[in-house]
Amino acid sequence: MLLGSCGNLLGGGERADLFRFGVVEPTSVTGMQGALPTRSVSLLRPRFSQEVEGDRMLTTRGERALYLKGVRWVAPVPDLFTQALMRQYAARAPDVRLTGVRNATGASHALQIDIERFEARYALDGGEKAPPIVIIEGDATLFDLTDRRPVEAKRFLVQEPASANTTSGIVAAFDRAVARSTTELTDWSAQTARKHSTERALDTSKDRMERKQGIN
């Protein structure tokens with residue numbers, strides 16, 4: 001991806017409109033309401049490609065990459081994505097507590113998310129006024145913190161077309177894409193952590209029984 005064309009698209013000293021994720025509220029799982037956390041997963045800081053690590057909104061067309069002028073996220077994208085994922089965990093998996101690295105004491109698993117694409121992509125053959133498609137693509141890996149080994153990995157790709165080639169249309173598409181990707185990541189990682197914790201507990205119980213039988 002070529003970023004040489006970005007230049008000073010945001011303008012020197014120009015006032016920028018600030019946006020955050022959250023127009024689309026996280027969907028809840030009613031069957032889990034009132035559940036108390038029985039295990040916790042430590043979320044490592046999401047790793048984004050260098051061009052979207054900051055607070056600027058990236059658009060692409062072919063090999064060209066441009067930042068929207070006068071538009072910024074209210075905080076760095078990794079921080080906003082982390083907040084969105086934590087909201088989804090609270091709504092969809094209340095029995096699993098998602099924590100930051102600093103509060104990882106007692107966590108059974110760690111979740112690492114690597115995002116390669118977080119952009120509003122314009123079609124090469126589209127007109128100048130044709131709206132883009134927001135793309136979020138990357139990998140997620142769940143680790144067992146007892147031995148630091150990966151438990152399972154997942155590739156994810158979400159695409160959301162913007163309703164119009166306007167700032168509000170593009171921001172709304174980012175909102176929908178973030179909501180979909182964090183929902184997918186929450187459901188997968190929480191279910192995988194539950195399953196692996198159960199299997200590990202059964203294996204531990206089996207080992208104890210075998211050792212006890214060997215002593216007797």
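How many bridges join S8 to strand S9 (residues 149-161)? I counted 12, and the two strands run antiparallel. Strands here are DSSP runs of E with at least two residues, helices are runs of H or I with at least four, and both are numbered from the N terminus. Two strands pair if DSSP finds at least two bridges between them.

The model is predicted: local features need pLDDT of at least 70, side-chain atom pairs count only at pLDDT 80 or more, and totals for chains, interfaces and linings use all residues. Residues are numbered from 1 along each chain as its sequence is written, and side-chain values use heavy atoms, with hydrogens and water left out.

Strands. I looked at the other partner of S8 and found strand S7 (residues 109-122), antiparallel to S8 and joined to it by 12 bridges. Arginine 117 has glutamate 137 in S8 as its bridge partner. Aspartate 139 is bridged to arginine 155 in S9. S8 and S9 form a hairpin with 4 residues between them; in the turn, arginine 148 has a positive phi of about 65°.

Burial. I checked S8 (residues 133-144) and found 9 of its 12 residues buried, that is, under 20% relative accessible area with a 1.4 Å probe, protein chains only.

Core. I took a nonpolar core as buried Ala, Val, Leu, Ile, Met, Phe, Trp, Tyr and Cys residues joined through side-chain atoms within 4.5 Å. The largest has 45 residues, and Leu111, Ile113 and Phe118 have the most contacts inside it. Helix H2 (residues 167-215) gives the most to this core, with 10 residues.

Definitions and conventions
Buried < 20%, exposed > 50% of the residue type's maximum accessible area, 1.4 Å probe, protein only.
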